[in-house]
Amino acid sequence: MRWRPRLLPAEPPELLVYDDPTPCPYLEGRQARMPLRVPTRMLSAQEFGERLRAGDRRQGVLLYRTRCPSCRACEPIRIEVEGFVANKTQRRIYRRGLEQLDIEVGTPELSAEKVALYNRHKHGRALGPDGQDIDEQGYRAFLVDTCCDSFEIRYRHAGQLIGVAVVDRSDDALSAVYFYFDPDFEALSPGVFSILKQLELCRTWGLRYLYLGLYISECPSMAYKARYLPHERLLEGRWQRVET
């Protein structure tokens, strides 16, 4: 029988729109299952917070949580803001970024400047299996459309846009959705700086956690998240503290 979308009980209800196995985007040779769900309305801060605590991630208007049949490599990870202590390298990166970058916080918006920067990041970092540039429609669906309270942080160097972070906000947390940057400015460690800036926003707004997405020890592009200590990972249904 052909698989069909169906309505799931939740508050608000969610429409399950895709639930087929796919090749894993993180670990070669493995099969992934990441059911995609669409809430039937925008989520409140509390409703979105409940989904983050359960391990959900967001992509556009879609929510997903890994349900892979034979692999548990993906571990949701978050930082408890008050317990986090930046190391010497992170503190140096943050100071340097504050000195050299102008920071803007605003509503996620589509622009040709951002699409070009996204594609520059993708090709410069050898990301994506297809080598295809994203177009404006794809960018909007991925990084502008949302089902919760979202914003973007724009980083500029001497007026030039060099990085964009898309971030979600819940009742007690921020959630880092995606970050892209100009590879020419890699020496500034803009990814590290952006995480530290989001932690600072959490402190300013009185939020308890920063969610970093999925930690995957075998995937270099996802394993770096373990450098932020201490942190918590969702293991066997329970958030567990990791000190080292």
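A pocket is an open set of points on a 1 Å grid over the protein atoms alone, where a 1.4 Å probe fits, with protein on both sides within 12 Å along at least five of seven lines. Lining residues have an atom within 4 Å of a point. A volume is the space filled by probe spheres set on the points, which are joined across faces, edges and corners.

This model is predicted: local features need pLDDT of at least 70, side-chain atom pairs count only at pLDDT 80 or more, and totals for chains, interfaces and linings use all residues. Residues are numbered from 1 along each chain as its sequence is written, and side-chain values use heavy atoms, with hydrogens and water left out.

**Exercise 1.** Describe the second largest pocket and its lining.

*Solution.* 
- Start with volume. The second largest pocket holds about 420 Å³ of space.
- Go to the centre. The pocket has 19 lining residues, and T66, R72, C74, P76 and L234 are the closest to its centre.
- Find the strands (DSSP runs of E, at least two residues, numbered from the N terminus). β8 (75–80) and β14 (231–235) each give at least two lining residues.
- Sort by type. The lining has 10 nonpolar residues (Ala, Val, Leu, Ile, Met, Phe, Trp, Tyr, Cys and Pro), 6 charged (Asp, Glu, Lys and Arg) and 3 polar (the others, Gly among them).

**Exercise 2.** Is K225 buried or exposed, and what does K225 touch?

*Solution.* 
- Locate K225. It sits in the loop between α6 (220–223) and β14. Helices are DSSP runs of H or I, at least four residues.
- Apply the cut-offs: buried is under 20% relative accessible area, exposed over 50%, partly exposed in between (1.4 Å probe, protein chains only). K225 has 5% relative accessibility, so K225 is buried.
- List contacts (heavy atoms within 4.5 Å). Beyond neighbours within four places in sequence, K225 touches I77, L212, G213, L214 and H231.
- Look at the side chain. It reaches the backbone oxygen of L214 at 2.8 Å.

**Exercise 3.** Classify the ring pair F142 and Y178.

*Solution.* 
- Recall the rule. Rings of Phe, Tyr and Trp (its six-membered ring) pair if their centres lie within 6.5 Å; planes under 30 degrees apart are stacked, over 60 edge-to-face, the rest tilted.
- Count pairs. The whole structure has 14 aromatic pairs.
- The centres of F142 and Y178 are 5.1 Å apart and the planes are at 65°, so the pair is edge-to-face.
- F142 is in helix α4 (residues 136–144) and Y178 in strand β12 (residues 173–181), 36 residues apart.
- F142 is buried at 19%, whereas Y178 is partly exposed at 25%.

Conventions:
A polar contact is a pair of N or O atoms within 3.5 Å; within protein, one must be able to donate a hydrogen and the other to accept it, and residues adjacent in sequence count only if both atoms are side-chain atoms.
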